Amino acid sequence: MSPLRFTCLALLLLGDCASAPPPRARARDVPVSYGRQPADPVRIGHGSAGVMAYFEQLHGPRGQRVAWRRVGSCCAFRLAGPLSPRHGRLVVFEVTYEGLDEPVLLYVDPFQARAPRAPRGFQLIAPARDAPPRPDSISL
């Protein structure tokens, strides 16, 4: 193979790799405790706006929209960093979707962000760009 053909082929392959979406965590890669135990909360960050954005993307395993409500807070912890408040608390949400036998409690950290993942039994779906606005509440 000539050096020019090899270079062209290499550039095509590199371009294809660069445009591939990042791999998503498979459901079996997410610990069972993720989001369901205070010791392993969903770390969303960005305050209330981050929490709302996360729940906009959270769906049931077959794409069902979820309904959620805040049920309280718990589990105070100390935050690091000079610009952050000294203490934070996890926020507890009751989450359900059509077909779920009983609601699930999810523990959310609105102060510290990590790559978002869906707890087992859920999936994250990015909203469509032309999707109509979501209602304030959903009745199931």
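Mentor: Helices (H or I, at least four residues) and strands (E, at least two) are DSSP runs, numbered from the N terminus. This is a predicted model, where local features need pLDDT of at least 70, side-chain atom pairs count only at pLDDT 80 or more, and totals for chains, interfaces and linings use all residues. Residues are numbered from 1 along each chain as its sequence is written, and side-chain values use heavy atoms, with hydrogens and water left out.

Trainee: In what order do the elements of the chain run from the N terminus on?

Mentor: The order is α-β-α-β-β-β-β-β, and the secondary structure comes to two helices and six strands.

Trainee: Where is His59 placed, and is His59 buried or exposed?

Mentor: Buried means under 20% relative accessible area, exposed over 50%, and partly exposed in between (1.4 Å probe, protein chains only). His59 lies in strand E2 (residues 58–59) and counts as buried because its relative accessibility is 11%. Across the chain, buried residues make up 28% of the 140 residues.

Trainee: Which residues is His59 in contact with, leaving aside its neighbours within four places in sequence?

Mentor: Contact means heavy atoms within 4.5 Å. For His59 the list is Gln64, Arg65, Val66, Phe122, Gln123 and Ile125.

Trainee: Which residues in helix H2 are buried?

Mentor: In H2 (residues 47–57), these are Gly50, Val51, Tyr54 and Phe55. They cover an arc of only 130° around the axis, so they sit on the same side of H2; the arc is that of the directions from the helix axis to the C-beta atoms. Ser48 and Ala49, on the other side of H2, are exposed.

Trainee: What covers the buried residues of H2?

Mentor: The cover includes strands E1 (42–43), E2, E3 (66–78), E4 (87–97), E5 (104–109) and E6 (123–124). Strand E2 is also the place of His59.

Trainee: How many disulfides does a search of the whole structure find?

Mentor: A disulfide is a covalent bond between the sulfur atoms of two cysteines. The criterion here is a pair of cysteine sulfur atoms within 2.5 Å. The search finds one, formed by Cys74 and Cys75 with their sulfur atoms 2.4 Å apart.

Trainee: Why is the disulfide of Cys74 and Cys75 left-handed?

Mentor: The torsion about the S-S bond is about -80°, so the disulfide is left-handed. Cys74 counts as buried at 16% relative accessibility, whereas Cys75 is partly exposed with a relative accessible area of 33%.
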